[in-house]
Amino acid sequence: MTQAHQLSPSSPASSASSASPTGRARLMDGTGLARRILAETALRAAALTARTGTAPCLATVLVGADPASVTYVRMKRNRCREAGIASRQVELPAGTTTAELVRTLTELSDDPGVHGILLQHPMGEHIDERAAFEAIVPEKDVDGVTLGSYSAMSFGLPGFQSCTPGGIMRLLDAYDVDPAGRRAVVVGRSAILGKPVGMLLLGRDATVTYCHSRTRDLSAEVRRADIVVAAVGRPELIRGEDIKPGAVVVDAGYNPGNVGDVHFDSAVERAGLITPVPGGVGPMTIATLLEQTVTGAERRSER
Ligand code: NAP
């Protein structure tokens with residue numbers, strides 16, 4: 001699928017169930033929901049700036065010049081500007097060592113003018129990613145990448161969520177999808193996406209199964225799912241024939257050519273609700289990042 005899908009004009013919140021009267025899935029409009037979240041975020045940012053004289057500030061840290069990473073960081077900075085959030089850009093050479101990166105992140109963690117830190121990844125094989133992430137203090141971990149944030153997410157405690165998983169949960173909520181008691185199958189177990197989205201679904205009382213590259217019969221697992229989250233990075237791996245009729249399908253995959261991890265054209269015929277690619281999960285990730293940055297700045301101003 002290479003083009004944006006037609007989105008339902010109705011408000012997401014008006015949907016009470018995932019069943020589609022036409023037999024074709026309703027689309028979950030991440031673009032529209034993200035726009036509303038960003039509008040609210042901009043209002044909160046403006047109110048905070050007026051009250052404290054300081055705009056919320058997101059520091060973005062980029063190591064090297066990987067074209068995709070450069071694009072992502074630029075997109076995030078543009079969205080910040082639109083929402084009245086200041087951004088501070090730190091660009092480090094590709095040869096930066098783990099120790100140098102940790103030093104930079106520690107300085108940003110200590111800087112009272114910075115409210116959120118985004119370390120763009122991947123960062124190059126020679127860098128100890130975990131050591132770098134852990135140099136971000138929890139109260140500025142607005143991308144939800146530290147062990148502390150993951151633990152808080154897993155225990156249902158306050159903290160920042162991983163942005164894509166947090167965005168997925170917001171999307172489910174907007175379409176009145178209550179995970180409680182439903183069988184959720186998460187395909188993928190990465191630290192930034194698969195694992196945390198499974199923990200968030202478990203926290204909302206879903207019965208969660210994780211699938212990964214060693215799963216024996218992926219089709220059989222997916223066929224049982226009331227909610228499928230595809231987080232693999234393999235174009236169109238999940239086929240429509242494996243989707244349980246009426247299931248909720250969340251496609252977090254983003255592969256070259258705007259292709260998701262779900263074969264959209266076949267899945268849309270069986271699902272009850274489905275996210276398009278693009279326009280589903282992707283916009284929710286940035287919206288969550290910016291919203292959490294403003295939350296971080298508000299909390300700091302209250303201290
Ligand atoms: P990742 O770190 O490469 O993880 C991929 C996961 O998929 C791994 O757990 C892997 O299993 C599993 N996997 C690979 N091949 C499989 C197969 N044939 N069957 C079942 N599982 C398989 O990827 P990621 O960072 O989580 O990203 C996944 C996708 O989401 C990518 O397309 C990425 O672009 C997209 N993404 C989108 C956003 C957004 O904002 N929309 C944000 C982040 C990522 P093992 O653990 O066994 O290796």
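The chain has a mean pLDDT of 93, and 93% of its residues reach 70 or more. Helix α2, which spans residues 67-82, has the lowest confidence, with a mean of 94, whereas strand β5, at residues 183-187, has the highest, at 99. A separate stretch calls for care: over residues 1-17, pLDDT stays under 50. For these residues the model has 30 contacts beyond four places in sequence. Where pLDDT is low, the predicted coordinates should not be read in detail.

Attention can now turn to the ligand. The ligand sits in the largest pocket, surrounded by 22 residues. The closest of these are R189, S190, S213, Y254 and T285. Helix α10, covering residues 281-302, supplies the largest share of the shell around the ligand, namely three residues.

Taken alone, the ligand exposes 930 Å², of which the protein buries 69%.

The backbone also holds a few details worth a look on screen. The peptide bond joining H121 and P122 is cis, with omega about 5 degrees. P122 is placed in the loop between β4 (116-119) and α4 (129-133). Another cis peptide bond runs from V277 to P278, where omega is near 0 degrees. P278 lies in the loop between β9 (273-274) and α10, and α10 is the helix that gives three residues to the ligand shell.

A further point concerns D205, which is not a glycine but has a positive phi of about 70 degrees. D205 is found in the loop that links α7 (194-203) and β6 (207-211).

Terms used
Residues numbered from 1 in each chain as written. Predicted model: local features only at pLDDT ≥ 70, side-chain atom pairs only at ≥ 80, totals over all residues. Heavy atoms only, no water. pLDDT = per-residue confidence, 0-100. Helix = DSSP H or I, 4+ residues; strand = E, 2+ residues; numbered from the N terminus. Contact = heavy atoms within 4.5 Å. Near = heavy atom within 4 Å. Areas by Shrake-Rupley, 256 points an atom, 1.4 Å probe, with all protein chains shown as cover. 1 Å grid on protein atoms, 1.4 Å probe; cavity = no way out; pocket = protein on both sides within 12 Å on 5 of 7 lines; lining within 4 Å. Sits in = over half its atoms within 2 Å of the grid points.
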